[in-house]
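Please prepare a short report on the pocket lining and the helix packing of the structure below.

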Amino acid sequence: VEKEWVGQGEELERWKRGQTGIPLVDANMRELKASGFMSNRGRQNVASYLTNDLNVDWRLGAAWFEELLIDYDVCSNWANWNA
């Protein structure tokens, strides 16, 4: 059964900017934007928030990570998002 993703638009943009109102998520997203890095645990936390709380398609988050991460690896990134 494929999940129906209803979140997008402003939810996704607030997540990208680190302006969700959730301090843990926001700090990690701002670190990513500023440095191109985020810890593995941070990646798990922000991914979970995006997909489970905002109900945004995980592929949009994976694509954003692909744009910003300096240690980006296609296999690790996409596989971790889809797990």
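## Largest pocket

With five residues, H3 gives the most to the lining of the largest pocket. This is a predicted model, in which local features need pLDDT of at least 70 and side-chain atom pairs pLDDT 80 or more, while totals for chains, interfaces and linings use all residues. Residues are numbered from 1 along each chain as its sequence is written, and side-chain values use heavy atoms, without hydrogens and water.

The lining comprises 14 residues, of which Asn 40, Arg 43, Asn 77, Asn 80 and Trp 81 lie nearest the pocket centre. Helix H3 (40-53) and helix H5 (74-81) are the elements that give two or more residues to this lining; helices are DSSP runs (H or I, at least four residues), numbered from the N terminus. By class, the lining has five nonpolar, six polar and three charged residues.

## Packing of H4 against H5

The axes of H4 and H5 come within 9 Å and cross at roughly 155 degrees (axes are lines fitted to C-alpha atoms over the stretch in contact, and angles run from 0 to 180 degrees between N-to-C directions). H4 and H5 are therefore roughly antiparallel (angles over 145 degrees).

Trp 58, Arg 59, Gly 61, Ala 62, Ala 63, Phe 65 and Glu 66 of H4 meet Asn 77, Trp 78 and Trp 81 of H5, contact meaning heavy atoms within 4.5 Å.

## Packing of H2 against H4

Helix H2 (residues 23-35) and helix H4 (residues 58-68) have axes that come within 9 Å and cross at roughly 40 degrees. Met 29, Leu 32 and Lys 33 of H2 make the contact with Trp 64, Phe 65 and Leu 68 of H4.

Conventions
On a 1 Å grid over the protein atoms alone, a cavity is a set of points where a 1.4 Å probe fits but cannot get out, and a pocket is an open set with protein on both sides within 12 Å along at least five of seven lines; lining residues have an atom within 4 Å of a point. Ala, Val, Leu, Ile, Met, Phe, Trp, Tyr, Cys and Pro count as nonpolar, Asp, Glu, Lys and Arg as charged, and the others, Gly among them, as polar. Angles under 35 degrees count as roughly parallel, over 145 as roughly antiparallel, 65 to 115 as roughly perpendicular and the rest as oblique.
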